[in-house]
Amino acid sequence: VKELEIKYGTSATKGLSEAEAAARLQRDGPNALRPPRGTPGLVRFGRQLAGGLQCLMWVAAAICLIAYGVQRGQGDRGSSDNLYLAVALIAVVVVTGCFGYYQEFKSTNIIASFRNLVPQQATVVRAGQTLQVNAAELVLGDLVEIKGGDRVPADIRVLAAQGCKVDNSSLTGESEPQTRSPECTHESHLETRNIAFFSTMCLEGTATGLVIGTGERTVIGRIASLASGVGNEKTPIAVEIEHFVDIIAGLAVFFGATFFLVAMLIGYPLLRAAVFFMAIVVAYVPEGLLATVTVCLSLTAKRLARRNCVVKNLEAVETLGSTSVICSDKTGTLTQNRMAVAHLWLDGQVLAADTTEDQSGEAFEQRSASWPLLSQVITLCNRAQFQPGQEGVPVAQRDVIGDASESALLKFAEVTSGPVAAARGRFPKVAELPFNSSNKFQVSVHEAGPQQLLVLKGAPERVLERCRGYLREGEEHPLDPEWRRSLEGACLELGGRGERVLGFCARWLPPGSVAAGTPPEALAEVATGLCFAGLVSLIDPPRATVPQAVRKCRTAGIRVIMVTGDHPVTAKAIAAAVGIISEGSETPEDVATRLHLPLEQVDPRQARARVVTGSELAALAPGALEELLRTHPEMVFARTSPQQKLLIVESCQRLGAIVAVTGDGVNDSPALKKADIGVAMGIAGSDAAKQAADMILLDDNFASIVTGVEQGRLIFDNLKKSIAYTLTKNIPELAPYLVYITASVPLPLGCITILFIELCTDIFPSVSLAYERAESDIMHLRPRDPRRDRLVNEPLAAYSYFQIGVIQSLAGFTDYFVAMAQEGWWPLLVLGLRPRWEDAHEQELQDSYGQQWTFAQRRYQQYTCYTVFFISIEVCQIADVLIRKTRRLSLLQQGLFRYTWVCIGCFLCYCPGMPNVFNFMFQWWLVPMPFGLLILVYDEIRKLGVRRHPGKTHLGTPWIPGTHLGTPGPHLGTPGGTWNSPGTHLGTPGPHLGTPGTHLGTPGPLPPPLDSIPSPHPPQIKAQVTRPGVCRCLLLVERPKNPKRSPRNHQKVTKKRKTLNT
Amino acid sequence: MARDKEKRICGQVVAEWRAFLWDPRTRQFLGRTGSSWGLILLFYLVFYGFLAGLFALTMWVMLQSVNPHVPKYQYRLLTPGLMIRPCAEGLDVTFNVTQSHTWEQHVRALHQFLESYNDSVQAARNAACPAGRYNEQPDDAVPNYPKRACRFERSRLGPCAGLGPHGDYGYGSGRPCVLVKVNRVINFFPGKNKSINIVCAAKHEEDAALLGPLNLFPPNGTIDLMYFPYYGKRVHVNYTQPVVAVQFSNATANVDHHVECRLNAAGLRTDDERDKFAGRVAFRLRINRE
């Protein structure tokens, strides 16, 4: 100690002086970990500018500039278009880069703000005085005191300790608490017992020590600076978007290169071909998409925040939606984290008390004649009391002085039998013996008018020892064996529900039997020959909303696993109460009891449920846990350590699940971090848990997670809609170039206009799709399989590109040709016109009427064509945004204009008079209308087909949930073999609801077994098209056994039939 | 998962691709069986056929609104363009008086252009119209009745008519002629019933002295109103565009002259910044002498 004092120039009793501390703070800097330097802002910004799509855009901009330069060099002053385009492209890249950077900056800031939310305080002795200072102000040589629950504020050499234990798990991975004492036990400072490390938690006890390292110079500081380079794992949605961007960029380059070559072969000069390449890239890349996705995610994050889920990482929103397993903590998450009276036993009957948080449940029968005495005992034999000044507060929310059980009884008494304080006033206390662990009971004696009343409560067996009789219907009876049996039965039953059982009894004494001031010990002798009044059992009751939420999880195909440190019996009881162990399922123990077999002879596979304790878990062979998880759909883990929590999470992940973990304690933080999405509790949660989590539940309520899941699924669906919408218009943007190059028509749609569509008009509708409400069955689907169910899949792309996109293109060309024809350029003249049309020296080009046009006049006409084509795309996109609102339900079912956002989006972007519409002519809006209508009608027919024939395997992707073209029922695709309770989620019914004569189909196919997916297709297809007289449909009947039949064909069939029927 | 992928060796990847291309076991090509491809093909055939039909129908309906004789809209042609002959590249009329090969091409072009203006041709094809007013020919009862065109005789261009033995439009003597013509626009009535003419001048006033006097033919560069309106190439078959010839009688040699001609008509804007040829035309003239 002396050495230390000298080394750090301090005193082991008085600490540093304030001045010295300030000087050292000046010298060494604050005691805080410098945030990982990682990447400076500029580099991160640079990274935003150098993504896949951005690189393409840079190339495009460069080509533009070169083209402009060459044109300038050739003395062509006619067009600065290329320059404008280059500037616009660079602006787009920079602006979206700024946007991305801002988002990233904001999310890192959120995390930082969480850190700063609670500045850590440290108790420090300076100049002999004990002070609370900010932990960042600690310096070398400071004398600090720590106690259980604190975080160690710096590296500390322990000088004195009382039962101090620290959790070094964050540092060394050891999960057991470690003792800290002044003795040096090891050479290595990591091993020795007399050093406590910065940022570890002190679990219990107290210690005093000298600061020997601060900030970066602490052990953890050194590790942190080493580990700062370790990146996070990518969230599923990030993977999806990357996948999508890869595809898009690849296709853009492919198309660009193809047409570059085609243009070269046709004989265009190199520069022109390069410009074509650029234009195709611009047309194909969805410039506004990333912004849309970010906006959609942050909108959902906001919506979640309103429902008490704060999301730290935007992308976690979607992760929650793909969650397939939730490992939930018990205390505080599933339960209310308070004791409450659950049951009473009197007159040989078990009565249930109201355990809801707000006392909204039904009160029990109070008519029994025994009740007055029992309630009196409950009221009087209780040391707890309400804190004063809470008259207006509902009983359940009042603060109480006293331990958990007594508070519960106090509140119970207050609610059931009126003000406790008044009753206690009427029966003043004469003497009492408080509860202690050796007696296991509590006695008090009260004046009751002419008599004295002795009341006693305690563990039932101890209480019974002191009883002579029992109360029935208000009459006292002597004890008899039958009654004893019934009492034991009740005790067992209530105990088996994980409840804590207390017995209550009383005895009337003659006045003066017990004098005031009698020593408590003497009371034990008086308290004999009592009359047993009844039992009361206590439990930490489940939250009212939890069973509903668990049921929702189940129907949503999410498995809820309870992982708790609590006792197995309690854990099982709560699990059963909230539905984690469903009604009717048995644990192996239950099976053993039912069959009267010893546990060893029961095949655990017969049981659906299983409770595994930490010690059993520790004895399991590697891989056995996975086996357990696979065999038992309903699992409860009790008495688990943090290490085991981690193990459970990892096992689930190995089984391919996306795991959400809820937790509040420091001990949960490794599991929270390991989980795909960690959910921390906002009220009960420790800082460590909050930091490790991706999401924080402000109300600690499990039901909020379900809301989160719903929102996560919704956002995935809505993003899908948004992307489908965004993708569609790439075709009508691309097609003009293809026709321009191959058919040599004057350019129908310019690059600037494309950028305008992408970045201005279409942003609003695609964002508005994020506001789309869920289609009814969203929580009846099983979670998406991240490896199979991509954000963008083949049917979605095919439908957008080759069907809707083509319709849109045709609309554009119709409008274009008509607009040209009406100005004097008939379609046949227009074909092949391009070289002369674009000749800047040609000032007298003849149109179909013999009129002569100057170059500028033609250019003006070309711009008009851009506008016309633009309007056509917009008109079709209005139809597109309407059809994208739903994927399965008809627009009429979902409500056409229920969503103001879509309407506002439509209005804002497509209303006449937007800047790009240079000159508005009603006719230009009229021409594409039939195509817009066609899109609406066509998609309605598709949806009709999808609704009538759900669960159809198609396109070789049999069970994509909600593929665009798709099956509402992935649940119809995969049956058991995984975890879900069979039959809980059959979604929309399969039977055809068609008009008689149209459908002869069999009812919805049952789930084929997993291993026989490519098995013969259900006979449905054949059946549905056997309507006589529809000969063209019959063409399609020729192929009955085709499992990979395109749904489009099928739609076509439906469509044909429809047209013929009407 | 990701790691598993990395571990797969190259050969497996190739094999997978090959299996994707053609899987002999399931007889699948690119992940589909032949009949599946066939169905898709059939579907798209029908689908696109239907779309093509719809496209054709819409086009047909909309083209019904297009009159074959008169364009529906003429918003881009409010001011007709002006152009010169000879239509040298870059509107740059440069030649050397003494070297005939430098201007022969211009002369040839002018000859060719003026061929249809020959008095004989005009007399044979076109009618003599009353001067000074529009030659309106309303359709009485018979729609789109063929219209008569008014004569524009080549001889009106005086020395710039290119007639006579030399017929070199003054190029050989260093007094070159340039013809200015107005673009055809259907139903265009310029000048609001007042006479219109072409005015030419040096682009920059200070150069006017160098450019010297300009002679315009017909006199004052007048374009008679009888050449308007134009009724379109179908009904107005022999329409002859009026031209104005500008002769640079004494332009300084070996100097670049920037000349601008404008159509001077009431109510016609000729100062559109974007369109340098709307109602005006600028060209460069350089006469080289040794």
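This note goes through a predicted model chain by chain and then residue by residue.

1. Basis. In this predicted model, local features need pLDDT of at least 70 and side-chain atom pairs count only at pLDDT 80 or more, while totals for chains, interfaces and linings use all residues. Residues are numbered from 1 along each chain as its sequence is written, chains are lettered from A and ligands numbered from 1 in the order in which they are written, and side-chain values use heavy atoms, with hydrogens and water left out.

2. Chain A overall. Chain A has 40 helices and 28 strands; helices (H or I, at least four residues) and strands (E, at least two) are DSSP runs, numbered from the N terminus. Of its 1062 residues, 56% are buried, where buried means under 20% relative accessible area, exposed over 50%, and partly exposed in between, with a 1.4 Å probe and protein chains only. For pairs at least 6 apart in sequence, 71% of the contacts in chain A join residues at least 24 apart; a contact means heavy atoms within 4.5 Å. The accessible surface of chain A is about 43500 Å², and carbon and sulfur atoms hold 59% of that surface. Such areas come from the Shrake-Rupley method with a 1.4 Å probe, and for residues only the protein chains shown count as cover.

3. Chain B overall. Chain B has 6 helices and 12 strands, and 46% of its 290 residues are buried. The C-alpha trace of chain B spans about 90 × 60 × 35 Å along its principal axes. Of the contacts in chain B with a separation of 6 or more, 75% are between residues 24 or more positions apart.

4. Charge in chain B. There are 35 positive and 25 negative side chains in chain B, with 9 Å between the centres of the two sets. Lys and Arg count as positive and Asp and Glu as negative, while His and the chain ends are not counted. Each charge is placed at NZ of Lys, CZ of Arg, CG of Asp or CD of Glu.

5. Aromatic pairs. Over all chains there are 35 aromatic pairs. Rings of Phe, Tyr and Trp (its six-membered ring) pair if their centres lie within 6.5 Å; planes under 30 degrees apart count as stacked, over 60 as edge-to-face and the rest as tilted. Y470(A) and W483(A) are stacked, at 4.6 Å centre to centre and 15° between the planes. Y470(A) is in strand β17 (residues 467–472) and W483(A) in helix α16 (residues 481–496) of chain A, so this pair ties together parts 13 residues apart in sequence. Both Y470(A) and W483(A) are buried. Y73(B) and Y75(B) are also stacked, because their ring centres are 5.4 Å apart and their planes at 20°. Y73(B) is buried at 15% relative accessibility, and Y75(B) is partly exposed at 45%.

6. One aromatic cluster includes F254(A), Y284(A), Y801(A) and Y938(A), together with F43(B), Y44(B), F47(B) and Y48(B).

7. Helix α12 of chain A. This helix (residues 371–380) is largely enclosed by the rest of the structure, because 9 of its 10 residues are buried. Among the buried ones are W371(A), L374(A), Q376(A) and L380(A).

8. A821(A), in helix α30 (residues 794–823), is buried at 0% relative accessibility. Beyond its neighbours within four places in sequence, A821(A) is in contact with W826(A), P827(A), Y849(A), L63(B) and V66(B). R858(A) is in helix α33 (residues 855–884) and is buried, with a relative accessible area of 0%. Its contacts, again leaving aside neighbours within four places, include R836(A), D839(A), E842(A) and W853(A).

9. Backbone points to check. P218(B) is in the loop between β8 (214–217) and β9 (222–223) of chain B. N193(B), not a glycine, has a positive phi of about 70° and is exposed, with a relative accessible area of 52%.
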